[in-house]
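Work through the exercises below with the sequence and the structure at hand. Try each task before reading its solution.

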Amino acid sequence: MIEVRTAHTAELDSATLGAARALLDAAFEGDMTDDDWEHALGGVHALVWEGDEPIGHASVVQRRLLHRGRALRSGYVEAVGVHANRRRRGHGAAMMEALERVVRGAYALGALAATGEAADFYAARGWQLWRGPTSALKPRGIQRTEKHDGDIYVLPVAARLDLSGELTCDWRDGNVW
Ligand SMILES: CC(C)(COP(=O)(O)OP(=O)(O)OC[C@H]1O[C@@H](n2cnc3c(N)ncnc32)[C@H](O)[C@@H]1OP(=O)(O)O)[C@@H](O)C(=O)NCCC(=O)NCCS
């Protein structure tokens, strides 16, 4: 039986978190760093279970995104991956549906950085490409993050957004977006 379950990081035991990390290592073919995994913690996870085996993972964590003079409470989606042999069966969509409910209920917007191959997956769900310049609030101030321009998608909820304006993320180790 296949089911999607959501849980806060605090509700998941170390064996489950370890299995989710192993699944993501395989789904991203070794490109998942310790920082990437750390970014996925501290919020709500959606896990697809096949029996007692996780075959899909995604999570949403809170970040502040600066836009039009506001520090917007944002649900930032991280670590979206489905086992390579289980793709195109609706599991990714089911996880996103669960997390989008969290975003719509708790945040001013949703945001995420898409890999090239997943951009159509998010666009098909109504996530909108951020067309404007991106930047990060680094320890020495706001600095452009050109290499992420064109990678960021948002799910508008309550915030008034100008998708061609500047969007600045808060600071963290590893990939800032
Ligand atoms: C992206 C990913 C999570 C999608 O998971 P999935 O379970 O295969 O997605 P779904 O079956 O729910 O797909 C739903 C719809 O999204 C779209 N979609 C999904 N994968 C797609 C792809 N590779 N290219 C284009 N559209 C895609 C399709 O419209 C699809 O509907 P359809 O199968 O009826 O045509 C999965 O391909 C994956 O794990 N990729 C590797 C890791 C990765 O890149 N993660 C994203 C990080 S930002």
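**Exercise 1.** State how much space lies in the largest pocket, and find which residues are closest to its centre.

*Solution.* Step one is the volume: in this predicted model, the largest pocket holds about 1,200 Å³ of space. Step two is the centre. The lining has 37 residues, and F28, V80, T115, A118 and Y122 are the closest to the centre of the pocket.

**Exercise 2.** Determine which elements give two or more residues to the lining of the largest pocket, and which gives the largest share.

*Solution.* Begin with the list: α2 (34–39), β4, α3, β5 (109–113) and α4 each give two or more residues to the lining. Finally, sort the lining by class: 16 residues are nonpolar, eight are polar and 13 are charged.

**Exercise 3.** Which backbone atoms lie 2.8 Å from a nitrogen or oxygen atom of the ligand, and how much of the ligand does the protein bury?

*Solution.* Take the nitrogen first: a nitrogen atom of the ligand is 2.8 Å from a backbone N or O atom of V80. Then take oxygen. A backbone N or O atom of R88 lies 2.8 Å from an oxygen atom of the ligand, and a polar backbone atom of G90 is 2.8 Å from an oxygen atom of the ligand. Last, the area: the ligand taken alone exposes 900 Å², of which the protein buries 76%.

Terms used: Residues numbered from 1 in each chain as written. Predicted model: local features only at pLDDT ≥ 70, side-chain atom pairs only at ≥ 80, totals over all residues. Heavy atoms only, no water. Polar contact = N/O pair within 3.5 Å; in protein donor to acceptor, adjacent residues only side chain to side chain. Areas by Shrake-Rupley, 256 points an atom, 1.4 Å probe, with all protein chains shown as cover. 1 Å grid on protein atoms, 1.4 Å probe; cavity = no way out; pocket = protein on both sides within 12 Å on 5 of 7 lines; lining within 4 Å. Points joined across faces, edges and corners; volume = space filled by probe spheres on them. Helix = DSSP H or I, 4+ residues; strand = E, 2+ residues; numbered from the N terminus. Nonpolar A, V, L, I, M, F, W, Y, C, P; charged D, E, K, R; others polar.
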